[in-house]
Amino acid sequence: MISAEQLTIDHRLMHQALILARRGVLTTAPNPAVGCVLARGEQVVGEGWHQRAGQAHAEVNAINAAGCAAQGATAYVTLEPCSHFGRTAPCVDALIDAGVARVVVAMQDPNPQVAGKGIKRLQQAGIKVDVGILQSAAQALNPGFIHRMINQLPYVRVKLACSMDGKTALANGNSQWITSPQARSDVQYWRAHADAILTGADTVLIDNPRLTVRAGQWPASRTLPDPLPQPVRIIIDSQNRIHDDLALFEQPGPVWLVRIKETEASRHPHCHQILVKESASGKVDLHDAMLELALREINLIWTECGATLGGALLRQQLVSQVFLYQSNLVLGNDAQAMIQLPILEELSEALQLDIIDGRQVGRDRRLIGVPKYNR
């Protein structure tokens, strides 16, 4: 039984480990962001966090910082230490060799290669292990990694921007700009948190976007990462319409074209085709596409697309969160709809969102909602 005094210490030091873990949120993909604190009682003797895939994990960095002071210390780790050989050696071996006396783990690793095995190895070595301190906060750090490990699918965020009356563009297609510069700046921040930015061929051909994270639009209230992460650009291209003479290909970084039939390879050196199943309607099977992206270690996808693709992702229950930026403009009945969904006969059939966050961004309102699917 952990005493109230020890529990207070455990919470404080795990909170410190979570702060360390957040330093790696933009850089560790496809790995999770993890932090570790080594302490003797209340005194911290070593700290570390995972900085980049292929580099040392948080536990190893903390042990190296602590040196011989790691002997007999308590390790506070935001995720269960790994017990398998991946890009690096198992962290449980490093903790055992360092002679730590106790390990406090925020959450069990959902990776089936690890799940519970790291904890068991530590216990077999005679190390006391406690699990579940600040678990919810640890889970919030790595939604994409956790979702992919449990569901074999990426965590998909769909970004929508609309007028006060739920429209995305005038009848003639003019949509620049419905939302404020502050809202567009906020989007850059969330783009950077994704492993990939997804859109459809229609959006690319009509708007000719770059789909990059832009330093010049980074929110002034947030620290600009260096280097600035650039997600993979992924285009759903059922009819093989994407060509090289687009702004996408003027930017460095990979572009993945998701198709149902292979075509002549692009001249762009970083362009790849991903072939997936064809749906009954002759388009890309979106569920199969997501399975393929998960196999390529895509944890979290930020989606900026038109009403058709956005509606299809929601209908197929592939969306984890909706980010809605709502402006103070009113565009009228003839303006274009935000999302395409089937005609409903009853209100009870309507898709519901649990709103988990709502705030003002410039002159706009940003809502974050979690779809309530009837699974």
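Predicted model: local features only at pLDDT ≥ 70, side-chain atom pairs only at ≥ 80, totals over all residues.
Five strands make up an open sheet with mixed pairing, in the order 2-1-3-4-5. Strand 2 (43-49) and strand 5 (128-131) are at the edges; each has a single partner strand, so one side of each has no neighbour in the sheet. Direction ignored, neighbouring strands of this sheet are turned against each other by 15 degrees on average. In general, the strands of a sheet pair through backbone hydrogen bonds, and the pairing is either parallel or antiparallel. Strand 1 (residues 35-40) pairs with strand 2 in the antiparallel sense, over 6 bridges. Within this pairing, V37 is opposite E47 in strand 2.

The loop between helix 1 (4-22) and strand 1 contains P30. The peptide bond from A29 to P30 is cis, and its omega is near 5 degrees. Another cis peptide bond joins D226 and P227, with omega about 5 degrees. P227 is in the loop between helix 8 (201-207) and strand 9. As background, most peptide bonds are trans, and most residues other than glycine have a negative phi.

L134 is not a glycine, yet its phi is positive, about 55 degrees. The loop that holds L134 runs between strand 5 and helix 5 (135-141). L134 counts as partly exposed because its relative accessibility is 25%. Q317 likewise is not a glycine and has a positive phi, about 60 degrees. Q317 follows helix 10 and is part of the loop between helix 10 and strand 13 (321-326). With a relative accessible area of 27%, Q317 is partly exposed.

Helix 10 itself (residues 307-315) is largely enclosed by the rest of the structure, because 7 of its 9 residues are buried. The buried residues are A307, L309, G310, G311, A312, L313 and L314. One of them, A307, is touched by M338, a residue of the loop between strand 14 and strand 15. Leaving out residues up to four places away in sequence, M338 also touches L160, C162, G166, T168 and L324. M338 and K167 are 171 residues apart in sequence, but their C-alpha atoms are 5.2 Å apart in space.

Another loop residue, Q251, is found between strand 9 (232-236) and strand 10 (255-259). Is Q251 buried or exposed? Its relative accessible area is 19%, so Q251 counts as buried, the cut-off for buried being under 20%. Apart from neighbours within four places in sequence, the contacts of Q251 are with R210, T212, R233 and H268.

L351 counts as partly exposed because its relative accessibility is 37%.

Technical notes. Residues numbered from 1 in each chain as written. Heavy atoms only, no water. Buried < 20%, exposed > 50% of the residue type's maximum accessible area, 1.4 Å probe, protein only. Pairing = 2+ DSSP bridges. Helix = DSSP H or I, 4+ residues; strand = E, 2+ residues; numbered from the N terminus. Axes fitted to C-alpha atoms, helices over the stretch in contact; angles between N-to-C directions. Contact = heavy atoms within 4.5 Å.
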